[in-house]
Amino acid sequence: MARGSTLKVLGSEAETEQFRKRFEGFTAYYLKYGHVSAQVVDQCFAGAAVAHDEPLDKDVIVYGNNGNIVRARTPNQQRLVKLFDHNDLLFAVGPAGSGKTYTAIALAVRALKERQVRRIILTRPAVEAGEKLGFLPGDMKEKLDPYLQPLYDALNDMIPPVRLVKFMEEGAVQIAPLAYMRGRTLDNAFVILDEAQNTTLSQIKMFLTRMGRNARFIVTGDVTQIDLPRRSDSGLVRAMEILRPVKGIGIVEFDRCDIVRHELVKQIVEAFDRSAHNEE
């Protein structure tokens, strides 16, 4: 119970020691970030008991906005984070909702905050736009923003809006279609290629060869959602086959067990997989 500025804890020696460690983690968070939320309180005090030597933020990747804690929530998300420590290029492929892109962007934000890199570059092919971009209103950024919106959404969860605008104005955070990568050398950067299933083999090769000094690349995609005219045009699977034996490249294949969106999403993916299997 608490009275004034005094906190008295009742329980066994093991229980009070566990509470002390959790409370220390709670106060350390407040001292570092200057605010707390209900989610932070839950993280520190609720849930199953943890071992005394287990850090409270074991799976936390980055602390986002409004007390939002971005963590590796599934085994394959945790594997992606672990492989990131030992590989400069990662492939993360799997179904919608498995958190592959979100986890990758969280790693990028952490790297930028810790000054491991000078900039984040997020890119994806604007396949859906095709040759129709010229008929859409606005300048090129306004034409392409709808296809890049999922990347903006993730960043907005992790970086305060005013700071994100400043980062983008300074070029510390860049979001651009894949075509804009041609001819560039990307040094001191964390680069993510999203929706890579919609790239051809030559496009993905072009992207990967942009890697410069002190660069980290993550390629994400879902081979069940190919929007190219012919599924066989997708170069993602072929690129992984070619590069799998190369040292310094890690591959994480997410599955339905990693889906962290609404519980119906997992059932939807399973239903479509069954239908596709029956049609073969």
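A surface patch here is made of residues with over 30% relative accessible area and no salt bridge, and nonpolar side chains are joined into one within 5 Å. In this predicted model, Leu-7, Val-9 and Phe-23 make up a nonpolar patch of about 220 Å². Phe-23 belongs to helix H1, which covers residues 13-33. With a relative accessibility of 32%, Phe-23 counts as partly exposed, because that label is for values between the buried limit of 20% and the exposed limit of 50%.

Next come the aromatic rings. A pair of rings is described by the distance of the centres and the angle of the planes. Two aromatic pairs turn up in the model. For Phe-84 and Phe-190, the ring centres are 5.4 Å apart and the planes stand at 25°, so this pair is stacked; the cut-off for that label is planes under 30 degrees apart. The pair ties together distant parts of the chain, with Phe-84 in helix H3 (residues 75-84) and Phe-190 in strand E8 (residues 189-193), 106 residues apart. Phe-84 is buried, at 4% relative accessibility, and Phe-190 is buried as well, with a relative accessible area of 0%.

The other pair brings together Phe-207 and Phe-217, and this one is tilted, with 4.9 Å from centre to centre and 40° between the planes. Phe-207 sits in helix H7 (residues 201-208) and Phe-217 in strand E9 (residues 216-221), ten residues apart. Both Phe-207 and Phe-217 are buried.

Back at Phe-84, the ring has a charged neighbour too. Arg-216 lies over the face of Phe-84, at 4.1 Å from the ring centre.

On to the polar side of things, starting with Gln-197. This residue is found in the loop between E8 and H7, and Gln-197 counts as buried because its relative accessibility is 1%. Its side chain makes a polar contact of 2.5 Å with the side chain of Glu-195. A polar atom of the Gln-197 side chain also lies 3.0 Å from the backbone nitrogen of Asp-222.

Glu-195 is partly exposed, with a relative accessible area of 24%, whereas Arg-124 is buried, at 9% relative accessibility.

Another salt bridge connects Asp-187 with Arg-213, where the closest N and O atoms are 3.6 Å apart. These two residues also come from distant parts of the chain, Asp-187 from the loop between strand E7 (173-177) and E8, and Arg-213 from the loop between H7 and E9, 26 residues apart. Arg-213 is exposed, with a relative accessible area of 65%.

Arg-230 and Asp-233 form a further salt bridge, with 2.9 Å between the closest N and O atoms. Arg-230 counts as exposed, at 53% relative accessibility, whereas Asp-233 is partly exposed, at 23%.

Notes:
Residues numbered from 1 in each chain as written. Predicted model: local features only at pLDDT ≥ 70, side-chain atom pairs only at ≥ 80, totals over all residues. Heavy atoms only, no water. Patch = residues over 30% accessible without salt bridge, like charges linked within 9 Å, V, L, I, M, F, W, Y side chains within 5 Å. Areas by Shrake-Rupley, 256 points an atom, 1.4 Å probe, with all protein chains shown as cover. Salt bridge = Lys/Arg side-chain N within 4 Å of Asp/Glu carboxyl O. Helix = DSSP H or I, 4+ residues; strand = E, 2+ residues; numbered from the N terminus. Buried < 20%, exposed > 50% of the residue type's maximum accessible area, 1.4 Å probe, protein only. Phe/Tyr/Trp six-rings, centres within 6.5 Å; stacked < 30°, edge-to-face > 60°. Lys NZ or Arg CZ within 6 Å of the ring centre and 35° of its normal. Polar contact = N/O pair within 3.5 Å; in protein donor to acceptor, adjacent residues only side chain to side chain.
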